[in-house]
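Reader: Hi there! Could you walk me through this model?

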Amino acid sequence: MKRFASKAALVTGAAAGIGKATATRLAAEGADLYLADINREGVEALAAELAKEHGVKAFAGSFDAADAESCKQLVAAAAEALGRLDLVCNIAGIQKWDHFAQITDDTWNRLVAINLNSVFFISREAMPLLEQTRGNIINVASVAGLTGIAYNAAYCASKAGVIGLTRSVAVEYASRGVRCNAIAPGGVKAGQAANPIPEDVDFGLITPLSPKTGDMCEPEEIAAAVAYLGSEEARFVTGSVFTIDGGQLAS
Ligand SMILES: NC(=O)c1ccc[n+]([C@@H]2O[C@H](COP(=O)([O-])OP(=O)(O)OC[C@H]3O[C@@H](n4cnc5c(N)ncnc54)[C@H](O)[C@@H]3O)[C@@H](O)[C@H]2O)c1
């Protein structure tokens, strides 16, 4: 399938995990890409590899999702390099386990800045370009944005914010031809899933949230959903929050 032939996509968090898998899937389906990450070497290497393997244009740039100016400059750089923007995939994100009372101001502000504020800045800057192409935005949220998780308040709040932003943008832009959707993964075999949990937590509060299958999915399984939502096949899908969690939230 080449659902993204002659389309151009910006992918954040593209140096690793879900972002890297998404960039790889979009390139395989013909998309020209701008790959962005704080890890410059990672995106430069991936861009070179994807351009060679799939014959697409692939640019790379570093940015810091914690910095508003950097987010705004990223969109300008991507637009200049690609000449158009059909798809924005907001995937860069971080997570940290903490007892609620021990979450520092810095941790709170950093999680909200990277996970939520960057999605706002990038999406707002990209919107005029997406209106031109009748494009769309896909935000990688989390099941953590749909339920409470002990020792995860800052992350849950940031991802719930992403879901609220997604739905609001979808409603506001539906008649203007721009779609906006979120994906809410459960456990994914990617960087974030390996984050350490403090030893003195009550694990009984966390384990019921594990996927019912007792498994985690591959980043490529999230990328497949991004490719669907980003394509014309999902023409009528906007404002949705697509859980991919092995049934975690179903009961
Ligand atoms: N892995 C999971 O189980 C899981 C579950 C639900 C949601 N998610 C979400 O999926 C997204 C990707 O997660 P992942 O597990 O693939 O993570 P990952 O750590 O493998 O990749 C995250 C990427 O984001 C980049 N990044 C981090 N901070 C950045 C910053 N300040 N500026 C720019 N780039 C930055 C990293 O360099 C990295 O390349 C995140 O938004 C995460 O919250 C992950």
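Predicted model: local features only at pLDDT ≥ 70, side-chain atom pairs only at ≥ 80, totals over all residues.

Reader: Great. How many helices and strands does the protein chain have?

Author: The protein chain has six helices and seven strands. These are DSSP runs numbered from the N terminus, with H or I of at least four residues for helices and E of at least two for strands. Starting at the N terminus, the order is β-α-β-α-β-α-β-α-β-α-β-α-β. The radius of gyration is 17 Å, close to the 18 Å from the globule rule for 251 residues, so the protein chain is as compact as a globular protein of that length. That radius is taken over C-alpha atoms, and the rule is 2.2 Å times the number of residues to the power 0.38.

Reader: Nice. Which residues come nearest to the ligand?

Author: Gly17, Gly93, Ala190, Gly191 and Gln192, out of 28 residues around the ligand. A residue is near if its C-beta atom, placed from the backbone, lies within 6 Å of the molecule. Helix α1 (residues 17-28) gives the most to this shell, with three residues.

Reader: And what is the shell like by class?

Author: There are 16 nonpolar, ten polar and two charged residues around the ligand. Here Ala, Val, Leu, Ile, Met, Phe, Trp, Tyr, Cys and Pro count as nonpolar, Asp, Glu, Lys and Arg as charged, and the others, Gly among them, as polar.

Reader: Switching topic: how much of the protein chain is buried?

Author: Buried residues make up 47% of the 251 residues. Buried means 20 or more other C-beta atoms within 10 Å of the residue's own, exposed means 12 or fewer, and partly exposed is in between, with C-beta atoms placed from the backbone.

Reader: Which residues touch the most other members in the largest nonpolar core?

Author: Ala9, Val11, Leu33 and Leu35 do, in a core of 76 residues. Helix α4 (residues 105-133) supplies the largest share of this core, ten residues. Such a core is a set of buried Ala, Val, Leu, Ile, Met, Phe, Trp, Tyr and Cys residues joined through C-beta atoms within 7 Å.

Reader: What does alanine 9 touch?

Author: Leaving out residues up to four places away in sequence, alanine 9 touches Phe4, Leu26, Ala31, Leu33, Asp86, Leu87 and Cys89. Contact means C-beta atoms, placed from the backbone, within 7 Å.

Reader: Okay, helix α5 next. What covers its buried residues?

Author: The cover includes α4, β5 (136-140), β6 (179-185) and β7 (241-244). Among the buried residues of α5 are Ala154, Tyr155, Val162 and Tyr173.

Reader: Is serine 6 buried or exposed?

Author: Serine 6 is exposed because 10 other C-beta atoms lie within 10 Å. Arginine 134 has 14 C-beta neighbours inside 10 Å, so arginine 134 counts as partly exposed.

Technical notes: Residues numbered from 1 in each chain as written. Contact = placed C-beta atoms within 7 Å.
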